[in-house]
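Here's a quick briefing to read with the model open in your viewer. Keep the sequence handy too.

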Amino acid sequence: MTSTKFLDVTGGRLAYEVSGPQDGPLVVCAHGMGDTRRVFRFLAPRLAKAGYRVAAVDVRGHGGSSTGWPDYSPQSVGADLRALLRHLGGPAVLVGSSSSAGAVAWTTATAAEGEVSAVVMLAPFVGQPRLGLILRLLQDLVMASPLLWGMYYRSLYPTAKPADFPGYLRALKATLREPGRMAAVSGVVAPSEGHWTDCAPRITCPVLIVMGSKDPDFPDPAAEARLAEELLRPYAATTEVGMIEGAGHYPHAETPEATFAALAGFLAGAVRA
């Protein structure tokens, strides 16, 4: 990864970094709730080596980006990503993990024609989770505690944690202890108008859905991936599903080589590097 850059947008400041050749096709990577752009520390160098210009961004309220935003909805994060790709000079491939899978959907749906060349959704949530009272209380506790969040985060790597995982998790919890960070985590799951599935008819570029076969966030990860693909198929130029065997919620960090292979094959058909 390279040095941190900043972009002022409506409501705050985004931290991001860019690697790879300046004349390469742009790939913008956005992480999920409670994480930082460093979750792409294994995938970004592989994409850069393949000839892509990779921008990894800390979404609003996370990592090195500012706190105190008015909201953390996928629509608003999507607007931030649209501002970043315009600043860097698109068109861009958008890669969104977990909650940011919804954000890149909104970016694509609201972008000008040709601004988004392809979309990669890593572990997208198709349905809105329906939690009972006990689970809601547990969720609220996790969303308020860096320690509990760290315990939950650890569970999302069920097969093979990266060699640097202990240090990565310590750094992540240290960031979440900063004022305003856990408010951003809670804000991601706060109710907002419109789920990303509402904008599916406006997503017309090629789409790749990537899902870990052991993702503990889904009762049936393969079924969730099929739901996403079936939803987007009538509108997108092409749709593909990449199941990453043994991976959990973060295949790009847990099994980066297999995840890169899935992206490289897709991008070869969607974008010329």
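This is a predicted model: local features need pLDDT of at least 70, side-chain atom pairs count only at pLDDT 80 or more; totals for chains, interfaces and linings use all residues.

The protein has 10 helices and eight strands. Its radius of gyration is 17 Å, close to the 19 Å that the globule rule gives for 273 residues, so the protein is as compact as a globular protein of that length.

**Overall build**
- Along its principal axes, the C-alpha trace spans about 45 × 40 × 40 Å.
- Burial comes out at 54% of the 273 residues.
- Take the contacts between residues at least 6 apart in sequence: 77% of them join residues at least 24 apart.

- β5 covers residues 92-97, and six of its six residues are buried.
- In general, side chains in a regular strand alternate between the two faces of the sheet.
- Here both faces of β5 are covered: Ala92, Leu94 and Gly96 are buried on one side, and Val93, Val95 and Ser97 are buried on the other.
- Strand β3 (residues 26-30) runs parallel to β5, and five bridges join the two.
- In that pairing, Ala30 of the chain stands opposite Gly96 in β5.
- Strand β6 (residues 116-122) also pairs with β5 in the parallel sense, over six bridges.
- For a landmark there, Ala92 stands opposite Val116 in β6.
- To get from β5 to β6, the chain goes through helix α3 (residues 99-110), and this β-α-β crossover is right-handed.

- Glu224 sits in helix α8, which takes in residues 221-232.
- Leaving out residues up to four places away in sequence, Glu224 touches Pro124, Phe125, Val126, Gly127, Met211 and Phe218.

**Ala247: a loop residue**
- Look for Ala247 in the loop between β8 (239-244) and α9 (251-254).
- Is Ala247 buried or exposed? With a relative accessible area of 0%, Ala247 is buried.
- Its contacts, again not counting residues up to four places away in sequence, are Pro158, Gly212, Ser213, Lys214, Asp215, Glu254 and Thr255.
- Pro91 is 156 residues from Ala247 in sequence and 30 Å from Ala247 in space, C-alpha to C-alpha.

Technical notes
Residues are numbered from 1 along each chain as its sequence is written. Side-chain values use heavy atoms; hydrogens and water are left out. Helices (H or I, at least four residues) and strands (E, at least two) are DSSP runs, numbered from the N terminus. Contact means heavy atoms within 4.5 Å. Buried means under 20% relative accessible area, exposed over 50%, partly exposed in between (1.4 Å probe, protein chains only). Two strands pair if DSSP finds at least two bridges between them. A crossover is right-handed if, with the strands pointing away from the viewer, the path from the first strand over the helix to the second runs clockwise. The radius of gyration is taken over C-alpha atoms; the globule rule is 2.2 Å times the number of residues to the power 0.38.
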